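Hi,

Here is the model I promised to pass on. Have a look at it first, and then read my notes below.

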Amino acid sequence: MANRFVLTFGLLLVVVATVASARFVAPRRRAQIVGGFPIDIADAPFQISLREDERPICGGSIISPNWILTAAHCVDGVPESKVSIRAGSTYKQHGGVIRNVIRIVLHPAWDRTTNNGDIALMELEDPLPLDGQTIASIQMPEQDEEDPVEGSKAMVTGWGKTLNVYHSNLILRATFVPIVHRDNCQKAYHRSHTISELMLCAGFIGGGHDSCQGDSGGPLVVGDQLVGVVSFAIGCASPGFPGVNARVAAVRDWIREVSDV
């Protein structure tokens, strides 16, 4: 599967080139951040690891003590009884707290063929202990709020594939990528996809930085707002193909209706 990333930019200015991309072939759960750097969960306390049968498969974002936002393709067809999340840990396989999922709601526009509406809400069995440091909710834009301008610096985080044997995906990683205007993103994907109003793109034309398999469902953050949910791309950090994310501002009313958040 594919997917992206995070918040706080007071880390380092290694923005040398980050591409948000979703692997293609009917979104499969993507795996790691490409061209990024390791971070502590305190730098992205809203990031969670989504698990199926206790196996990490995707990412997600905390939007309240009881609700997680992720990609629809990560949980489509998966019984709630098999889904849980790990929050509050820098590490993929241990630490933090585990919570079971009792309800999964896919966005009504979700389409496996086009990847449109690739967003889902998950309700937790027990609330998360938000501490504002390692476990925290993230702000979201209002419905139809204007997208960040092209070139705005966004952060994507996750435990997905790194495509580099020296970069472990057992520790949370992040990378920065620029927002790409929908029209320019459509030009890149004109042979394979329609980039709809429910999508938001980010990535470098030259590639080199991006999310990858295992990062799907994770956060794409600009400033202190969750603007996107990692969805898909052609390749990981491939030149010419920015990552495509579900656009949070396009589904804000739906999120509020379902979760009361």
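A disulfide is here a pair of cysteine sulfur atoms within 2.5 Å. This is a predicted model, in which local features need pLDDT of at least 70 and side-chain atom pairs count only at pLDDT 80 or more, while totals for chains, interfaces and linings use all residues. Residues are numbered from 1 along each chain as its sequence is written, and side-chain values use heavy atoms, with hydrogens and water left out.

Searching the whole structure turns up two disulfides. One joins C58 and C74, with 2.1 Å between the sulfur atoms. C58 sits in strand 3 (residues 55-64) and C74 in helix 1 (residues 72-75), so this pair ties together parts that are 16 residues apart in sequence. (Helices, H or I and at least four residues, and strands, E and at least two, are DSSP runs numbered from the N terminus.) The link of C58 and C74 is left-handed, with -90° about the S-S bond.

C185 and C201 form a disulfide too, their sulfur atoms being 2.0 Å apart. The torsion about the S-S bond of C185 and C201 is about -75°, so this disulfide is left-handed.

As for burial, C58 and C74 are both buried, and C185 and C201 are buried as well. Buried means under 20% relative accessible area, exposed over 50%, and partly exposed in between (1.4 Å probe, protein chains only).

Finally, do look at Y91, in the loop between strand 5 (83-87) and strand 6 (97-106). Its relative accessibility is 39%, so Y91 counts as partly exposed.

Best wishes
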